[in-house]
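Dear colleague,

Please find below the structure I promised to hand over, with its sequence. My notes on what was found follow directly after.

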Amino acid sequence: TENYTYTFNEDGTLTVTAANNYGQEFNYVVKLVREGTELGRDVLSKAKVDNNYNGQPGSNLIDGDESSIWHSNWNATTPLNKLWFMVELRNPTDINGIRYLPRQDTNGGKPSYNGTFGDHDIYVSSKTVDQRSGDPSSDGWTKVATGSWAKNTNWKTTSFGSVATVR
């Protein structure tokens, strides 16, 4: 999807917020990490997603606003375990992991876990998002991590085990 905008937070995070048909709001915050040092949002260029729900574009992944979210289109035929998103860095950069903040909204005073990522695979590439497809079996993707995050609203971290130069 190319119909989106994004904002970077001063603390180096990217935030995605969206609301569903029931008026619930969802937030995701993403933070890239390099050798134990968090990178600033200024290293991020753009985001590309498999699909999105109207008003909840992929650009929200990197907008830095904890009250905005990217939400996949729940009417699309993409299986939940096949959804993907890409984040492009302005320049080739060495990183060795990522941090992710799930949505911070509540539903009836309790945390909303809708849309919280759990099992995940992380692939990297030296190409821009416009040069890449979301198919990790296509040429140019390197799998650097696999993991499973707990279903809660705390920050999530996945380390790659080694440094990867990515775009």
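Why does Trp70 count as buried? In this predicted model, the relative accessibility of Trp70 is 5%, and the cut-off for buried is under 20%. Phe85, by contrast, has 30% relative accessibility and therefore counts as partly exposed.

The arrangement of Trp70 and Phe85 is edge-to-face, with 5.9 Å from centre to centre and 65° between the planes. Trp70 lies in the loop between β4 and β5, while Phe85 belongs to strand β5 (85-89), and the pair thus links parts of the chain that are 15 residues apart.

Another aromatic ring, that of Trp155, has the charged end of Arg99 sitting over it, 3.8 Å from the ring centre. Arg99 is also in contact with Thr157, as are Ile98 and Trp149, leaving aside neighbours within four places in sequence. Thr157 is part of strand β11 (residues 156-166). Although Thr157 and Ile98 are 59 residues apart in sequence, their C-alpha atoms are 5.7 Å apart in space.

The largest nonpolar core comprises 22 residues, and Phe160, Ala164 and Val166 are among those with the most contacts inside it. Strands β4 (44-49), β6 (93-101), β9 (119-124), β10 (142-148) and β11 each give two or more residues to this core. Beyond residues up to four places away in sequence, Ala164 touches Thr93, Asp94, Ile95, Val124 and Val144.

With kind regards

Note on methods:
Residues numbered from 1 in each chain as written. Predicted model: local features only at pLDDT ≥ 70, side-chain atom pairs only at ≥ 80, totals over all residues. Heavy atoms only, no water. Helix = DSSP H or I, 4+ residues; strand = E, 2+ residues; numbered from the N terminus. Contact = heavy atoms within 4.5 Å. Core = buried A, V, L, I, M, F, W, Y, C linked by side-chain atoms within 4.5 Å. Buried < 20%, exposed > 50% of the residue type's maximum accessible area, 1.4 Å probe, protein only. Phe/Tyr/Trp six-rings, centres within 6.5 Å; stacked < 30°, edge-to-face > 60°. Lys NZ or Arg CZ within 6 Å of the ring centre and 35° of its normal.
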